[in-house]
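Please examine the structure shown below with attention to how its two chains meet. The briefing that follows groups its points by topic.

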Amino acid sequence: MSALAEVTQFITVEEYLETEELAPRKREYLGGFVYEMAGASESHNRISSNLHRLVGNHLEAGPCEFFGADMKLKTQIAAVTYFYYPDGMVSCDPTDQDKDYRERPTVIFEITSESTRSIDEREKFGAYRQLASLEAYVRIEQLAPEVIIDRRTGSGWQRWHFTGLDSIADLGVLGIKLGLKKLYQRVVFP
Amino acid sequence: MSALRTQDELLSVEEYLATEERVLVKREYLGGIVYEMGGASRTHDTIVGNLRLALRDALRGLGSRLHGPEVKLNYSFLGTEYFYYPDGMIVCDPTDADDRFCERPAVVFEVISESTRTTDEREKRDTYHRLPSVQAYVRIEQHRPEIVVEQRTGRGWKLARFQGVEMVAELGYGGLTLPLDKVYEDIVFPA
């Protein structure tokens, strides 16, 4: 059997945003190409709702707002446009108010599973670190109590690991501290 | 110990290049952080060898060379330095002459395995597309006869998929072609 399919998979930002409202699955957009996202596990959902509650409560009275996994992040790197769905974002910029996405988050969270590890560690950190607004990138391991935080410093980035349920992961921004016991509440480790 | 707080060392480019010569496992470098690479399967190695043979004569005619998976690609993007080990690179630019790495390949190849599929299809694809020298990005499947060629055009990227050992993939650069029966010579596909 031989078959040669010649396809141009390119879609514009407008086409993406239009079709994304109707798409059965969330899709990320990297410079014209779209990638479907996999569904989330039970642990992922638990961590996600704990995170929402912890960060949401902490920010309740202030100007900053927490968004969960259904809010898009839009970023433009050297004329190429990207849309990601981070697992969480803290947005503090009052001028960053599009109905479909945020562009200048202060903190980004990803809940890492084996299937998204290389994306979260390599590709997304590469993209997120180009955001001038970003102060901390927080990766939460799903299968073990470990939080890895990349913090922006004057001279670049520093990476911190917080391991064990008694750890408290200090984001170093907005006074957010995540106690791992609460972050992983109800999560059963393998 | 149940609570632990540790900090990673970030490597400078000089430290990376100096230590990379001595390490046992190849590491890719993304803005100060290194990632070890997995070893290759026999199938992967056979495909890389076949690729070299299949392109040798044609490349000689073009005055270019094919480098294999031991050669680094260096690029710098908005102040961040990266080093990758692509499975293959066609290099034609005579000014791209640093002996330690390539900077301006015309064609980049990756042989896809399940453990690298996501990186090859998203992160590396995005990176290679951004490099102005790259005219084509070629992904070679390992467990079935299939080659995907993404070719730069005036209006973006044109994607062509070649399936079946009787196909001949056009690389979209210098008139180069890759007959799939040559690329997959000696490979037994899983039933």
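In this predicted model, chain B contributes 39 residues and chain A contributes 40 residues to the contact between them, where contact means heavy atoms within 4.5 Å. About 3,500 Å² is buried between chain B and chain A, and carbon and sulfur atoms give 48% of that area. Buried area is the accessible area (1.4 Å probe) that two parts lose on being put together, summed over both.

This is a predicted model, in which local features need pLDDT of at least 70 and side-chain atom pairs count only at pLDDT 80 or more, while totals for chains, interfaces and linings use all residues. Residues are numbered from 1 along each chain as its sequence is written, chains are lettered from A and ligands numbered from 1 in the order in which they are written, and side-chain values use heavy atoms, with hydrogens and water left out.

**Links between the chains**

- There are 4 salt bridges between chain B and chain A; a salt bridge is a side-chain nitrogen of Lys or Arg within 4 Å of a carboxyl oxygen of Asp or Glu.
- A salt bridge joins the side chains of B:Arg122 and A:Glu123, at 3.0 Å from N to O.
- On the side of chain B that touches chain A, two or more residues come from each of β1 (4–7), β2 (27–30), β3 (33–36), β6 (80–84), α3 (117–130) and β12 (156–163) of chain B. Helices (H or I, at least four residues) and strands (E, at least two) are DSSP runs, numbered from the N terminus.
- The largest share of that side comes from α3(B), with 10 residues.

**Strand pairing**

- Strand β12 (residues 156–163) of chain A runs antiparallel to β1(B), and 4 bridges join them; two strands pair if DSSP finds at least two bridges between them.
- A:Thr163 lies opposite B:Leu4 in β1(B).
- β2(B) pairs with β3(B) in the antiparallel sense over 4 bridges, and B:Glu28 has B:Tyr35 in β3(B) as its bridge partner.

**B:Gly156**

- B:Gly156 belongs to strand β12 of chain B.
- B:Gly156 has a relative accessible area of 18%, so it is buried (buried means under 20%, exposed over 50%, partly exposed in between; 1.4 Å probe, protein chains only).
- Not counting residues up to four places away in sequence, B:Gly156 touches A:Phe10 and B:Gln151.
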